[in-house]
Amino acid sequence: MLEAEVEDAENLAMAHWPIPVDLFVSKKHPSLPRGLLAFADSSGNILFRLNSPSHHPKKTLRLLDSAGDPLISIYRHHDGSWQGFKGDDGQKDLLFQVQRVSNKFARTDLEVFLVAENHQGELTCDFKVKGCHFQRSCTIYKGDSIVAQTSLMHKLRQIYVSRRKFQLTMFPSFVDPALIVAVVVIFLVNGPKKSKILDKLPVSI
């Protein structure tokens, strides 16, 4: 099973796929300790998971692959900005920066800057993230194209929808899936305080 999971993750990480890919996001995956965020495929195989080091649980996050190897280290700064570094080698190989544009109860907007695309002159926004933290809903744009979206898992005749599990859909593109997942993680963690207080409540539809 582990070999199959690793193979799935390697296939997904080839940076291009011809059809939309759905991942299911939850903190209650049976293969992980309760409270760890997991991104699994439709068969329940974990492709990505999140780990928070004990020495800096609120400021540092680690995005791991299915084997538990670090892909991206995510650092939060006091001004509300974020930085993502390759692997687990500390703050050395910077991949991207994220700036918070708006952070209201009904709306969170982020701008993502890739270091590889901004090595000279003024920083240019490569991706924009727009969504509502309370609804677990966001859309990631690259220019006018939609790269990925998150949404709650609505069911027919269901009055209340839990926000403890939701869906991430990544559309065909050449964007590294680990980067998309890291940006989604930042969106989730970056919600306003009032929204976090209400996080355990379901959504009425």
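Mentor: Buried means under 20% relative accessible area, exposed over 50% and partly exposed in between, with a 1.4 Å probe and protein chains only. This is a predicted model, where local features need pLDDT of at least 70, side-chain atom pairs count only at pLDDT 80 or more, and totals for chains, interfaces and linings use all residues. Residues are numbered from 1 along each chain as its sequence is written, and side-chain values use heavy atoms, with hydrogens and water left out.

Trainee: Are Tyr75 and Phe85 buried or exposed?

Mentor: Both Tyr75 and Phe85 are buried.

Trainee: How many aromatic pairs are there?

Mentor: The count is 1 aromatic pair, where rings of Phe, Tyr and Trp (its six-membered ring) pair if their centres lie within 6.5 Å; planes under 30 degrees apart count as stacked, over 60 as edge-to-face and the rest as tilted. The ring centres of Tyr75 and Phe85 are 5.4 Å apart and the planes are at 85 degrees, so this pair is edge-to-face.

Trainee: Changing topic, how many salt bridges are there?

Mentor: There are 2 salt bridges, each defined as a side-chain nitrogen of Lys or Arg within 4 Å of a carboxyl oxygen of Asp or Glu. Arg62 and Asp88 form a salt bridge at 2.6 Å, N to O. Arg107 and Asp109 form a salt bridge, with their closest N and O atoms 3.0 Å apart.

Trainee: And is Arg62 buried or exposed?

Mentor: Arg62 is buried, at 9% relative accessible area, whereas Asp88 is partly exposed at 41%.

Trainee: What about Arg107 and Asp109?

Mentor: Arg107 is partly exposed at 38%, and Asp109 is buried at 12%.
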